[in-house]
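Please read it alongside the sequence and the model.

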Amino acid sequence: MCKSNRSKQNKRMNKNKKDVKIETQKASMMDEWPEPIVRVQSLAESNLSSLPDRYIKPVSQRPTMTEDAAPASINIPIIDLEGLFSEEGSSDDVIMAKISEACREWGFFQVVNHGVRPELMDAARENWREFFHLPVNAKETYSNSPRTYEGYGSRLGVQKGAILDWSDYYYLHHLPPHLKDFNKWPSSPPTIREVIDDYGKEVVQLCERIMRVLSSNLGLNEDKFQEAFGGKNIGACLRVNYYPKCPRPELALGLSSHSDPGGMTILLPDDQVFGLQVRKDNTWITVKPHPHAFIVNIGDQIQILSNSTYKSVEHRVIVNSEKERVSLAFFYNPKSDIPIQPLQELVSTHNPPLYPPMTFDQYRLFIRTQGPRGKSHVESHVSPR
């Protein structure tokens, strides 16, 4: 790298550090939401005939434009993982090639025969459905704050006056162990803590398997991605999404367009009610979940590690006037204080690093302050040329 380019990059990195320091100071003061919290479920159950203005999206963001919708026959790839690793530990080349193509071309794929027990998947989703059907007072015991988001919530970001999404959620930590606090998990229904603990352990094992494939498919040691994430010292958390019935679904979104800021997401969808849409070539594709499949998507941190070989992709959630939806998004993230940057093995003079180093703690402050904003954060993070 020439001296002028190095100087530009150093200036950009120093500016990033300064901006992050300012945002960290802001974040330390985020003990309260900027406005009183209104539970979307309560609005939905009040028999509204119209949608409150706070939930009406700008025309350009509404899911009403037929010209940007894909034919119903199109779906994200479905990949059968059975036999991915034999007893000897050798991987199946065909399955690996399918995962490689999905990560490069789609950023999303579904997996079946993934090793997580189907009955545990069903129990996890239905326990959370029962939780969201509890009386309001029982749920408010776990009300969250913008400092960590842990608990029962109804908005992302602290921007005052923001147009809100039509959803409630529950956010909790699985890893690292010192953040895993069962007292912050719901105690009702009675089996929920045990079920979600078992569910998290099995999904972490699935994430570790996929991480080995992602590394190997780039010609790296199979443990390279995991090591870059912090080895066993990674972060893992769960966001359970509840999308109530919406009186005007053509005006609202359950979750605004965004790419996931973390490493990798394992989504357990509501297989009875479609809602997830993935952006592919400027077209919104409504994902049709396969029974007992997980939806896997690449997050910004893996896009950065791979120097943009693997893509994180914009996605959003539409809502329904007839049915509620429940989905579980399990986030597998780097250790929060490790700088994430393109792996040295993937950069050269002809393929320079696209991103300067930044920790995940620094990176996710964007979501913590502003809420979902498409792919604007990872794009703004690109190194100057």
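Glu 150 is buried, with a relative accessible area of 11%; buried means under 20% relative accessible area, exposed over 50%, and partly exposed in between, for a 1.4 Å probe and protein chains only. Its salt-bridge partner is Lys 184, with the closest N and O atoms 3.7 Å apart. The model is predicted: local features need pLDDT of at least 70 and side-chain atom pairs count only at pLDDT 80 or more, while totals for chains, interfaces and linings use all residues. Residues are numbered from 1 along each chain as its sequence is written, and side-chain values use heavy atoms, with hydrogens and water left out.

**Salt bridges**

- A salt bridge is a side-chain nitrogen of Lys or Arg within 4 Å of a carboxyl oxygen of Asp or Glu, and by this rule the count comes to 20.
- Glu 150 and Lys 184 link distant parts of the chain, 34 residues apart: Glu 150 lies in the loop between helix H5 (136–140) and S3, and Lys 184 in the loop between S4 and helix H6 (192–216).
- Lys 184 is partly exposed, at a relative accessible area of 42%.
- Helices (H or I, at least four residues) and strands (E, at least two) are DSSP runs, numbered from the N terminus.
- Within helix H4 (residues 118–132), Arg 129 and Glu 126 stand three residues apart, about one turn of the helix, and their side chains meet in a salt bridge of 3.1 Å, N to O.
- Arg 129 is buried, with a relative accessible area of 16%, whereas Glu 126 is partly exposed, with 34%.
- Arg 129 also forms a salt bridge with Asp 270, the closest N and O atoms being 3.3 Å apart.
- That pair is separated by 141 residues and links distant parts of the chain, since Asp 270 is in the loop between S7 and strand S8 (276–280).
- Asp 270 counts as buried, at 2% relative accessibility.
- A network of salt bridges links Asp 122, Arg 125, Glu 126, Arg 129, Asp 270, Asp 271 and Glu 324.

**Sheet**

- Eight strands form an open sheet with mixed pairing, in the order S1-S2-S10-S7-S12-S5-S4-S3; two strands pair if DSSP finds at least two bridges between them.
- Strand S1 (78–80) and strand S3 (151–153) are the edge strands, each pairing on one side only.
- From one strand to the next the twist averages 25°; axes are lines fitted to C-alpha atoms, and angles run from 0 to 180 degrees between N-to-C directions.
- Strand S4 (residues 168–175) runs antiparallel to S5, joined by seven bridges, and Leu 172 has Leu 238 in S5 as its bridge partner.

**Cavities**

- A cavity is a set of points, on a 1 Å grid over the protein atoms alone, where a 1.4 Å probe fits but cannot get out; lining residues have an atom within 4 Å of a point.
- The largest cavity is lined by 30 residues, with Arg 239, His 258, Asp 260, Pro 261 and Phe 331 nearest its centre.
- S12 supplies the largest share of this lining, five residues.
- The lining of the largest cavity divides into 16 nonpolar, nine polar and five charged residues; Ala, Val, Leu, Ile, Met, Phe, Trp, Tyr, Cys and Pro count as nonpolar, Asp, Glu, Lys and Arg as charged, and the others, Gly among them, as polar.

Definitions and conventions. On a 1 Å grid over the protein atoms alone, a cavity is a set of points where a 1.4 Å probe fits but cannot get out, and a pocket is an open set with protein on both sides within 12 Å along at least five of seven lines; lining residues have an atom within 4 Å of a point.
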